[in-house]
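Please look at the sequence and the model below before reading on.

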Amino acid sequence: MNSIDRFLELKAKIPANVEIVAVSKNRPANMIDELYRLTGHSVFGENKAMELAEKYNGLTQSLHWHFIGHLQTNKIKYIAPFVDLIQSVDSLRLLIEINKTAINNNRVIPCLLQIHIASEETKYGFSIDEIYSMYDDKNFHELSNVSIRGVMGMATFTSDGQQIKKEFRSLVQFYNILKSRYFTDHADFCEVSMGMTNDYQIAIDEGSTIIRIGSGIFDER
Ligand SMILES: *Cc1c(COP(=O)(O)O)cnc(C)c1O
């Protein structure tokens with residue numbers, strides 16, 4: 001099967017209220033263009049700022065771009081003019097810099113808070129306590145040009161479905177706590193981004209609103 005067929009097969013299985021981000025990192029721009037032209041799918045995810053900026057510049061303006069990787073503060077400027085959602089905000093320092101760059105670009109940048117749910121230490125993200133401290137910090141409340149839309153998390157890379165389920169459940173729990181503590185009157189704090197090629201079914205069962213699928217669309221499997 002090619003990526004078009006794999007995408008269409010995936011799309012047919014996914015509830016309409018779950019957004020698919022086609023993770024196109026390390027894939028050439030022409031594959032993105034082809035998927036868009038033949039399916040109309042327009043939401044893509046990238047994890048490197050320069051690569052994302054190059055693809056943005058080379059492709060149609062109709063595409064929507066999510067940033068899903070670790071973002072260094074000196075790279076924000078490459079994506080700030082156009083990025084639709086930064087899914088991987090993992091520190092207050094980064095959020096403050098995104099806000100500054102958003103002001104310079106005269107726009108509001110939607111963001112998700114990446115939360116650490118995996119047992120591996122290598123995955124980036126806030127702990128829930130770090131988020132509470134962020135809310136106690138007055139700098140956080142002065143951010144005018146970022147809009148926090150929800151949370152993102154990555155489960156441990158394991159074949160143990162029970163563990164993955166537990167981790168996704170903890171992310172939804174964090175989301176609910178944040179929603180009730182800080183976002184009760186923010187209707188646009190509504191996203192839980194979880195689920196990749198190997199675990200999206202569990203993620204959807206646990207309440208994901210955004211899945212991020214790379215190899216399940218773009219690779220022969
Ligand atoms: C690469 C990547 C994905 C997609 O992973 P696949 O297993 O290829 O579907 C999703 N989320 C993040 C943060 C990634 O870096």
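H6 passes H8 in a right-handed crossing, a term used when the near helix is turned clockwise from the far one by less than a right angle. The model is predicted: local features need pLDDT of at least 70, side-chain atom pairs count only at pLDDT 80 or more, and totals for chains, interfaces and linings use all residues. Residues are numbered from 1 along each chain as its sequence is written, and side-chain values use heavy atoms, with hydrogens and water left out.

Helix H6 covers residues 128–136 and helix H8 residues 161–182; helices are DSSP runs of H or I with at least four residues, numbered from the N terminus. Their axes are 11 Å apart, at an angle of about 15°. Axes are lines fitted to C-alpha atoms over the stretch in contact, and angles run from 0 to 180 degrees between N-to-C directions. H6 and H8 are therefore roughly parallel to each other, the term for angles under 35 degrees.

On the H6 side the contact (heavy atoms within 4.5 Å) is made by Ile128, Ile131, Tyr132 and Tyr135. H8 contributes Phe174, Ile177, Leu178, Arg181 and Tyr182. The residues of this contact divide into 8 nonpolar, no polar and 1 charged.

Helix H1 (residues 3–13) and helix H2 (residues 29–39) have axes that come within 10 Å and cross at roughly 55°.

The residues around the ligand (a heavy atom within 4 Å) include Val23, Ile68, Met154 and Gly214. Polar contacts, pairs of N or O atoms within 3.5 Å, are listed here.

| Residue atom | Ligand atom | Distance |
|---|---|---|
| Lys25, polar side-chain atom | oxygen | 2.8 Å |
| Arg212, polar side-chain atom | nitrogen | 2.8 Å |
| Ser215, backbone N or O atom | oxygen | 2.8 Å |

Definitions and conventions
Helices (H or I, at least four residues) and strands (E, at least two) are DSSP runs, numbered from the N terminus. A polar contact is a pair of N or O atoms within 3.5 Å; within protein, one must be able to donate a hydrogen and the other to accept it, and residues adjacent in sequence count only if both atoms are side-chain atoms. Angles under 35 degrees count as roughly parallel, over 145 as roughly antiparallel, 65 to 115 as roughly perpendicular and the rest as oblique. Ala, Val, Leu, Ile, Met, Phe, Trp, Tyr, Cys and Pro count as nonpolar, Asp, Glu, Lys and Arg as charged, and the others, Gly among them, as polar.
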